[in-house]
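Hi everyone, thanks for making time this morning. I have one structure to walk you through, so let me put it on the screen and we can go around it together.

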Amino acid sequence: MSGIHPFRVLRAKPLWIANGVITGVLALLFTVFYVGANIDPVDHMEKLPVGLVNADEGAAVDGKQVNLGAQITESIEKSTASGGKIDWKVMDEKGLKEEFGEGKLYGALVIPAGFTSSVTALADTSATGAPARPTLTVLTNQSAGSVGSSLARAATIQAAENASLQVGKGLTAQNGAEQAKLPAAARVLLADPAAVTVKDGHPLDSHSGLGLTAFYYALVLVVCGMLSANVISGQVDHALGYTHNDMGPRRLHRPLIRATRVQTLAISSTLMIGLSLLMGTLVMVGAVGIMGMDAAHLPLLWLFSVCAIAVSGIGALSLLAAFGTPGMLVVTLVFIGMAVPTAGATTPLEALPGFYRFLAEFEPLRQITGGIRSILYYDAQGDAGLTRGWVMMAVGLAAAALFGFGVLGWYDRKGLHRVPAETKPEETAVAV
């Protein structure tokens, strides 16, 4: 028995330094990833895709064909007011519906049919009764992300209001002498002729979390894979007899079964695949069956969920096996720290700094969120993110296997074998 008191280890400087460096770096990195990504999305916004539809067929004014909708469309396209923050995509109504249904647009501005006729009717002094005020429609798309939809809504409303004022200036200039014959209210209306209305361009069911259920569901899948990897890694080590297993006050230790590092990872990965079937099923039962989340394509949702958990878990197992104890910190950074801000579910990728957009190209949560969003909101269309989700999961699985088994194979060839925990006979529980 040593006569040194256990609390004396607190005097050891290396203990404080090592843990201080690890926890300090972790705190700094999480702050940079989470706060840095979302601190100023408007300033970082670049080419946020927004639709622009002109359904106006024009009208004859003073013997000339005029199309105010086309003028507004051209003016918005050429405008530098947004500073490149908005990528205006001119399309027809069919194309708008398709891209809204695939989550490729965060919003849209629609100039309706008969817009020119409605505007010119405001300046008609011979008309009886109050003419109908023309309307510019702003469409939002919460299914593509609530923050992105809000950013698009603000920019589109501003563009619509500016367009109305520009049209008003033109009407005022053309009808200067005639305006005196109009009532005061009509003259005010003529200066700003178009009303702006806001509608949901791709309505979601009530139990869709305002477009966030896909993100939270995907996050659950990734967390299940990540945390279960930590559990499985420890339990496999215990089953092989390399580590103790503390069960309350009792410490258990199984007889040693020697295994190479590659064999250990293969055992853990097999266990992960099998348990992913259970976890994927229970996640879907909890979300859809118990909590009532709106979801369609349930067999596909189940299959995608199982695969997402398995791939995330095998990726985490590879990192844990390659890096050892620090591996859990690496896993946390890769699957949570860098993943959540770059998932594109809260802040759109177009509103992130360039470094975060780079991370989003391969971060697993973004790929899984896209696939789940396609299944839940966009009728499981491949172009809406499902194809990318499957492809990137396959790439992720291949990368994890190559990295994990490659590094561990090198360890085994170099003779860097694992050292089993030392145990006393009275501490050993022989249970296999």
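Let me begin with a question: is Glu361 buried, partly exposed or exposed? Glu361 counts as partly exposed, at 42% relative accessibility. Please keep that residue in mind, as I will come back to it. And one word of caution before we go on: what you see is a predicted model.

First, the overall picture. The protein has 432 residues, and 43% of them count as buried. There are 14 helices and nine strands. If you take the contacts between residues at least 6 apart in sequence, 76% of them join residues at least 24 apart. The protein exposes about 22,000 Å², with 63% of that supplied by carbon and sulfur atoms.

Now, what does the record say? UniProt, in an unreviewed entry, lists residues 15-37, 214-232, 264-288, 300-322, 329-349 and 390-411 under "transmembrane region". I looked at two of those stretches in the model. Residues 15-37 are 100% helix and 0% strand, and the C-alpha atoms at the ends are 33 Å apart. Residues 214-232 are also 100% helix and 0% strand, with 27 Å between the end C-alpha atoms.

Let me stay at the start of the chain for a moment. Phe7, Val9, Leu10, Leu15 and Trp16 form a nonpolar patch on the surface. Together they have about 550 Å² of accessible area. One of them, Leu10, sits in the segment before α1, which covers 13-38. Leu10 is partly exposed, and its relative accessible area is 45%.

Side chains of opposite charge can pair when their charged atoms come close. How many salt bridges does the structure hold? The count is six. Arg366 and Glu361 meet in one of them, at 4.0 Å from N to O. Glu361 also forms a salt bridge with Arg388, where the closest N and O atoms are 3.6 Å apart. Arg388 lies in helix α14, while Glu361 is in the loop between α12 (354-360) and α13 (364-377), so this pair ties together parts that are 27 residues apart in sequence. Through shared partners, Glu361, Arg366 and Arg388 are joined into one network.

How are the two arginines placed? Arg366 is buried because its relative accessible area is 18%, under the 20% cut-off. Arg388 is partly exposed, at 32%.

Elsewhere, Lys89 forms a salt bridge with Asp87, and the closest N and O atoms there are 3.2 Å apart. Lys89 is partly exposed, with a relative accessible area of 30%, and Asp87 is partly exposed as well, at 24%.

Next, the aromatic rings. A pair of aromatic rings is described by the distance of the centres and the angle of the planes. The count here comes to eight aromatic pairs. Among them, Phe304 and Trp390 form an edge-to-face pair, 5.0 Å centre to centre with 75° between the planes. This pair links distant parts of the chain: Phe304 is in helix α10 (residues 298-323) and Trp390 in helix α14 (residues 386-413), 86 residues apart. Is Phe304 buried or exposed? Phe304 counts as buried, at 0% relative accessibility, whereas Trp390 counts as partly exposed, at 29%. Phe358 and Phe362 form another edge-to-face pair, with 5.4 Å between the centres and 75° between the planes. Phe362 counts as partly exposed, at 42% relative accessibility.

Last stop, the backbone. Most residues other than glycine have a negative phi, and most peptide bonds are trans. His297 is not a glycine either, and its phi is about 55°. That residue is found in the loop between α9 (261-290) and α10. His297 counts as partly exposed, at 31% relative accessibility.

Note on methods:
Residues numbered from 1 in each chain as written. Predicted model: local features only at pLDDT ≥ 70, side-chain atom pairs only at ≥ 80, totals over all residues. Heavy atoms only, no water. Patch = residues over 30% accessible without salt bridge, like charges linked within 9 Å, V, L, I, M, F, W, Y side chains within 5 Å. Areas by Shrake-Rupley, 256 points an atom, 1.4 Å probe, with all protein chains shown as cover. Salt bridge = Lys/Arg side-chain N within 4 Å of Asp/Glu carboxyl O. Helix = DSSP H or I, 4+ residues; strand = E, 2+ residues; numbered from the N terminus. Buried < 20%, exposed > 50% of the residue type's maximum accessible area, 1.4 Å probe, protein only. UniProt positions renumbered as here; feature names shortened; annotations may be inferred. Phe/Tyr/Trp six-rings, centres within 6.5 Å; stacked < 30°, edge-to-face > 60°. Contact = heavy atoms within 4.5 Å.
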